[in-house]
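Have a look at it first.

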Amino acid sequence: MNLPFTTHVLICTGPRCGGERQSQRVRQEFRREFVRQAVPASVKDTECICFGLCTHGPNVIVYPQGVVYSGVRPKDVAEIVREHLVGGRIVERLLLKKKPAPAETGEVTTDDLFPD
Ligand code: FES
């Protein structure tokens, strides 16, 4: 891997995470907290358009772990930066709580085939 950073924070500012759900404010708050908490330059943030997880948004994904935070509000950002990006501890309360895909469970139900 030759990326010039070690951690990548992807913030969805797509149509369903933005607007009333305020993902632009989430992004701004990440920028502020990076400065406030002296996050090293090896951590990069990037706006993204959509992860396909719209009903759970605003969504933030942290790589390389691939941790998905959902329902993130501006007031949650300081905790994500302090705990995860600086401290290396996942913020369990904000983790995406999505039903596992059929391929993950090995089971297929009619709900999997015909979601709402
Ligand atoms: S608009 Fe954010 S996941 Fe689709």
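**Buried residues and the core**

Q: Why is I61 called buried?
A: I61 has 20 C-beta neighbours inside 10 Å, so it counts as buried. The cut-off is 20 or more other C-beta atoms within 10 Å, with 12 or fewer meaning exposed and anything in between partly exposed; C-beta atoms are placed from the backbone. Do keep in mind that this is a predicted model, where local features need pLDDT of at least 70, side-chain atom pairs count only at pLDDT 80 or more, and totals for chains, interfaces and linings use all residues. Residues are numbered from 1 along each chain as its sequence is written.

Q: Which residues does I61 touch, leaving out those up to four places away in sequence?
A: They are L10, F51, G66, V67 and V68. Contact requires C-beta atoms, placed from the backbone, within 7 Å. The C-alpha atoms of I61 and F51 are separated by 9.0 Å.

Q: What makes a set of residues a nonpolar core?
A: Its members are buried Ala, Val, Leu, Ile, Met, Phe, Trp, Tyr and Cys residues joined through C-beta atoms within 7 Å. Here the largest such core has 16 residues, and I11, F30, V60 and I80 have the most contacts inside it. Two or more residues each come from β1 (7-12), α1 (23-36), β3 (60-63) and α2 (77-86).

Q: How many helices and strands does the chain have?
A: There are 4 helices and 4 strands, taken as DSSP runs numbered from the N terminus (helices H or I, at least four residues; strands E, at least two).

Notes: Contact = placed C-beta atoms within 7 Å.
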